[in-house]
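Thanks for coming. I will go through one model today, chain by chain, and then through the places where the chains meet.

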Amino acid sequence: MAVNFDPAIINKVFEITEPVQVSAERIRKFCEVTSETNPLFTDEEAAKNGPYGGIVAPPAFAVTFRNGRHFFTHVPRYGHGGFDAGKDVEFVSPIRPGDEITLSSHVKEIYEKTGRSGTMVFVVVRSTLKNQRNETVAHLDHRFMSRT
Amino acid sequence: MSTVIDLHCHSEASEDSRAPVEAYLNWIQLRHAERPVNGIVLTEHRQFNRAADYRTLEDKFGVMVLRASEVETNYGHMLVYGVNEDMLVRFDFANIRLDAQTLINEIDRMGGVVVPCHPGRPNIGLCEHYESKPPLENVIAVEMLNGGSRKGEDERSEELIKRHGYAATGGSDSHLVSLIGLCATRFVADIKTIDDLVRELRDGQYEPADFRPRRHPVHRAVAVEAK
Amino acid sequence: MKKFEDLHIGDTLGPLQLSVSRDQTRAYARAFLLDAPRFTDDEGARKEGLPGMILPGNLSLSLLTKLVTDWIGESGAKLMRLGTTYRQPVQPDETLTLQGFVTNANAADRSAEIDVWIETAEADRLVIGTATVQFPAAK
């Protein structure tokens with residue numbers, strides 16, 4: 001039996017999150033916990049002379065923004081547990097201190113396959129991240145895997 | 001005269017691969033000294049890429065590109081070579097619950113050949129299924145060397161092959177450009193078409209070829225601490 | 001300084017060997033609201049069928065991103081895209097090797113495609129991925 005889901009949920013935006021403030025401290029914390037030392041992301045003076053004219057967040061900062069608490073109200077769950085199976089991130093514009101970031105998300109695809117873990121269902125959620133100027137900063141495809 | 005073919009790899013057409021075919025062929029040219037592969041077979045997951053035409057790339061790089069499929073059955077994953085329209089009508093390759101014995105018998109009847117892949121892999125390899133189910137009939141060859149194998153998996157495959165008297169193949173199972181050709185199959189005969197390949201898999205002489213580099217021990221790394 | 005004109009298919013990134021400590025794993029998880037037991041506690045992780053505490057996938061992605069941005073250096077190139085597949089859990093205190101290869105260099109748009117991955121000491125590839133880097137116009 002193929003995986004069951006309502007086809008109407010595909011490509012339908014289910015959430016636009018409240019803006020999340022990006023502080024210099026949050027970027028600094030990200031650099032600390034990822035051992036990032038690149039001066040473009042950590043040194044205000046050096047970053048002023050760099051391509052962005054000031055400190056920007058490392059690209060992987062884009063994946064730290066989360067969907068809302070009611071995520072699984074809109075995104076089907078299957079089987080037991082759930083794991084992050086991978087991400088595809090398109091980095092469009094840098095994220096800067098002072099930005100306010102929203103996520104607009106929809107279910108892009110649902111499929112099943114078998115692997116070392118057994119039978120798995122993958123739900124792919126695509127999110128577009130925008131700043132307070134409504135400029136796209138990133139596109140993110142997030143693959144959730146559940147074992148059935 | 002012999003042909004060395006990577007019998008198992010995935011292009012961007014497979015949802016979990018990130019490898020354009022042209023980049024694969026470029027890499028084969030680059031690494032030919034250590035991976036002397038003459039051709040590759042694209043075994044896309046749960047589909048057969050009907051529309052793809054790689055003749056221009058074959059001419060440009062001098063590497064043969066054939067098409068096949070990797071499907072999912074009640075005995076694990078299997079590679080289907082010699083896919084034709086009749087097979088695509090008979091079987092839904094997207095179905096992850098195909099009946100393996102029916103697949104093997106019918107594909108053979110329709111002019112193709114089925115090769116169970118990565119048999120040593122948990123859940124989706126023959127070894128584990130043979131522990132609780134009767135062995136499949138009419139299996140000619142099984143993939144012994146898989147470039148994605150973890151420790152012990154190829155060894156389990158080899159033991160299964162010896163026990164059942166199967167012929168053995170090799171393939172990279174590559175999902176990244178730089179992993180193409182790590183494992184392959186060396187055929188005695190000259191192979192130029194998918195029909196040649198099916199004929200040789202059924203009746204020819206071949207053996208797996210391992211081009212994986214020998215690993216050097218990695219010493220324990222220094223912890224990367226948060227500042 | 002790295003230039004597009006100096007790139008060759010087959011150029012390597014890394015290999016970089018490192019080990020991420022339990023403390024760093026917890027620090028990342030707590031800082032970015034990923035405080036599920038699997039990322040902070042061995043016992044909690046085992047209850048989910050895991051071998052022990054694991055790194056959040058986002059942290060592995062961050063490590064691979066850093067491999068690429070360190071390689072980019074001061075060239076002015078930009079990381080345009082990174083895609084990852086998490087094949088096996090990455091555990092703290094394990095010796096990991098991060099590396100990559102340039103697999104294509106497109107002169108038309110001055111972009112490079114790169115394979116990247118994280119592997120164990122036994123050469124098991126835990127995380128695989130690809131990156132696209134755009135180099136600036138020639139001066």
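**Chain A, and some conventions**

From its N terminus, chain A runs β-β-α-α-α-α-β-β-β-β. That is 4 helices and 6 strands, where helices (H or I, at least four residues) and strands (E, at least two) are DSSP runs numbered from the N terminus.

Before going on, the conventions. Residues are numbered from 1 along each chain as its sequence is written, and chains are lettered from A and ligands numbered from 1 in the order in which they are written. This is a predicted model, where local features need pLDDT of at least 70 and side-chain atom pairs count only at pLDDT 80 or more, while totals for chains, interfaces and linings use all residues.

Back to chain A. Its C-alpha atoms fill a box of roughly 60 × 35 × 25 Å along the principal axes. Of its 148 residues, 34% are buried. A residue is buried if 20 or more other C-beta atoms lie within 10 Å of its own, exposed if 12 or fewer, and partly exposed in between, with C-beta atoms placed from the backbone. Two residues are in contact if their C-beta atoms, also placed from the backbone, lie within 7 Å. Among the contacts in chain A with a separation of 6 or more, 71% are between residues 24 or more positions apart.

**Chain C**

Chain C has 3 helices and 5 strands, in the pattern β-α-α-α-β-β-β-β along the sequence. Its C-alpha trace spans about 55 × 30 × 20 Å along the principal axes. Buried residues are 47% of the 139 in this chain. For contacts with a separation of 6 or more, residues 24 or more positions apart account for 64% in chain C.

Which residues of H1(C) are buried? They are C:Gln24, C:Thr25, C:Tyr28 and C:Ala29. Seen down the axis of H1(C), these fall within an arc of 135°, so they line one face of the helix; the arc is that of the directions from the helix axis to the C-beta atoms. After H1(C) comes C:Leu33, with a positive phi near 60°.

**Where C meets A**

Here 25 residues of chain C are in contact with 21 residues of chain A. On the chain C side, H1, helix H3 (57-72) and E2 each supply at least two residues. H3(C) gives the most, with 9 residues. By class, this side of chain C divides into 11 nonpolar, 10 polar and 4 charged residues. For the classes, Ala, Val, Leu, Ile, Met, Phe, Trp, Tyr, Cys and Pro count as nonpolar, Asp, Glu, Lys and Arg as charged, and the others, Gly among them, as polar.

Strand E3 (residues 80-91) of chain A runs antiparallel to E2(C), joined by 5 bridges; two strands pair if DSSP finds at least two bridges between them. In that pairing, A:Lys87 stands opposite C:Thr84.

**Where C meets B**

This contact takes 26 residues from chain C and 21 residues from chain B. Which element gives the most to the chain C side? E3(C) does, with 5 residues. This side of chain C has 9 nonpolar, 12 polar and 5 charged residues.

**Chain B**

Chain B contains an open sheet of 7 strands with mixed pairing, in the order E5-E4-E3-E2-E1-E8-E9. Strand E5 (113-116) and strand E9 (206-210) are at the edges with a single partner strand each, so one side of each has no neighbour in the sheet. From one strand to the next, the twist averages 30°.

Within the sheet, strand E1 (residues 3-9) and strand E2 (residues 39-45) of chain B run parallel and are joined by 3 bridges. B:Ile5 is opposite B:Gly39 in E2(B). Helix H4 (residues 100-109) of chain B packs on the sheet, touching strand E3 (64-73), strand E4 (76-81) and E5 of chain B, and its direction makes about 145° with that of E5(B). Axes here are lines fitted to C-alpha atoms, for helices over the stretch in contact, and angles run from 0 to 180 degrees between N-to-C directions.

Last, helix H1 (residues 21-30) of chain B. Why is H1(B) described as largely enclosed by the rest of the structure? Because 7 of its 10 residues are buried, B:Tyr24 and B:Trp27 among them. Cover for the buried residues of H1(B) includes E1, E2, helix H2 (55-61) and E3 of chain B, together with E3 and E4 of chain C.
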